[in-house]
Amino acid sequence: MEKLTKPVRFWLCTTIMILGLVGCDRFIGNSGEPVERVSDGDTLVVKDTNGKNFTVRFACVDAPEIAHTNKEKQSKRISDHNQFTWGVKARERVQQLLQQGGDRVTLNITDSDRYGRKIAEVRLKNGTFIQQVLLQEGLAKVYRPYLNKCPSKNLVQQAETEAKAQRLGVWSDTKFVNPWEYRSLYKK
């Protein structure tokens, strides 16, 4: 009888462990917050644990603007076209990163802004720091006025320095206007 009981216990325990590991996500849930949409190269809409959406603005960086209105979309100004072209590239890169990361992010919220958005460092489940990737590829710039509220300021500054030295992304474009300058000059 004991010979039969030992293998049965072994297989029973093994089956329970396998089922527990396979079904773990159902009980614990996926890690991170689900992303509802990418608004632009530095803004996401995320769903909280209560099912409510909130907007997250990337800490530490400023990505090129995208066209929001029909007037902006139809603009013939070279500065608009240039800014929006880089803005679309930044947004597409964020979308690509999120898709690779399972459309979930981990947020390190550092502040809120005057529009009610949460300011956060944003990472994928595998630890990829989205702001760092954008800076390394020249698809965003360090936003220095708020750098003191950026826990990873050394990382972001290093990423930007490398992209600038290699003339990647916006660093290769002599006509590119910094997003904060673009907003102050053309978004009145």
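Author: A residue is called buried when its relative accessible area is under 20%, exposed when it is over 50%, and partly exposed in between, with a 1.4 Å probe and protein chains only. This is a predicted model, in which local features need pLDDT of at least 70 and side-chain atom pairs count only at pLDDT 80 or more, while totals for chains, interfaces and linings use all residues. Residues are numbered from 1 along each chain as its sequence is written, and side-chain values use heavy atoms, with hydrogens and water left out.

Reader: What share of the residues of the protein chain counts as buried?

Author: Of its 188 residues, 38% count as buried.

Reader: How many helices and strands are there in the protein chain?

Author: Helices (H or I, at least four residues) and strands (E, at least two) are DSSP runs, numbered from the N terminus. The protein chain has seven helices and seven strands, and their order along the sequence is α-α-β-β-β-β-α-α-β-β-α-β-α-α. A contact means heavy atoms within 4.5 Å. Among contacts between residues at least 6 apart in sequence, 58% join residues at least 24 apart.

Reader: How many residues does H4 have, and what distance does it reach?

Author: The expected span of a helix is 1.5 Å times one less than its number of residues. H4 has 23 residues and reaches 33 Å from its first C-alpha to its last, close to the expected 33 Å.

Reader: Which residues of H4 are buried?

Author: The buried residues include Ser79, Asp80, Gln83, Phe84, Trp86, Arg93 and Leu97. Asn82 also lies in H4; it counts as buried because its relative accessibility is 13%. Leaving aside neighbours within four places in sequence, Asn82 is in contact with Asp173, Lys175 and Phe176.

Reader: Is Val88 buried, partly exposed or exposed?

Author: Val88 lies in helix H4 (residues 78–100), and at 28% relative accessibility it counts as partly exposed. Val88 and Leu139 are 51 residues apart in sequence, with 9.7 Å between their C-alpha atoms.

Reader: Which residue with a positive phi follows H4?

Author: Most residues other than glycine have a negative phi. H4 is followed by Gly102, whose phi is positive, near 80°. Asp103 is not a glycine, yet has a positive phi of about 55°. Asp103 sits in the loop between H4 and E5 and, with 40% relative accessibility, counts as partly exposed.

Reader: What span should helix H6 have?

Author: The 14 residues of H6 (residues 153–166) should span 20 Å at 1.5 Å a residue, and the end C-alpha atoms are 20 Å apart, which agrees. The buried residues of H6 are Val156, Ala159, Glu160 and Ala163. They cover an arc (that of the directions from the helix axis to the C-beta atoms) of only 95° around the axis, so they lie on the same side of H6. Asn154 and Ala165, on the other side of H6, are exposed. Helix H5 (130–136) and strand E7 (141–142) are among the elements that cover the buried residues of H6.

Reader: What volume does the largest pocket have?

Author: On a 1 Å grid over the protein atoms alone, a pocket is an open set of points where a 1.4 Å probe fits, with protein on both sides within 12 Å along at least five of seven lines; lining residues have an atom within 4 Å of a point. Grid points are joined across faces, edges and corners, and a volume is the space filled by probe spheres set on the points. The largest pocket has a volume of about 620 Å³.

Reader: How many residues line the largest pocket?

Author: The lining has 26 residues, and Arg57, Asp113, Arg117, Tyr143 and Tyr146 lie nearest the centre. Strands E3 (53–58), E4 (61–62) and E5 (104–112) and helix H7 (179–186) are the elements that give two or more residues to the lining. The largest share, three residues, comes from E5. Ala, Val, Leu, Ile, Met, Phe, Trp, Tyr, Cys and Pro count as nonpolar, Asp, Glu, Lys and Arg as charged, and the others, Gly among them, as polar. The lining divides into 11 nonpolar, four polar and 11 charged residues.
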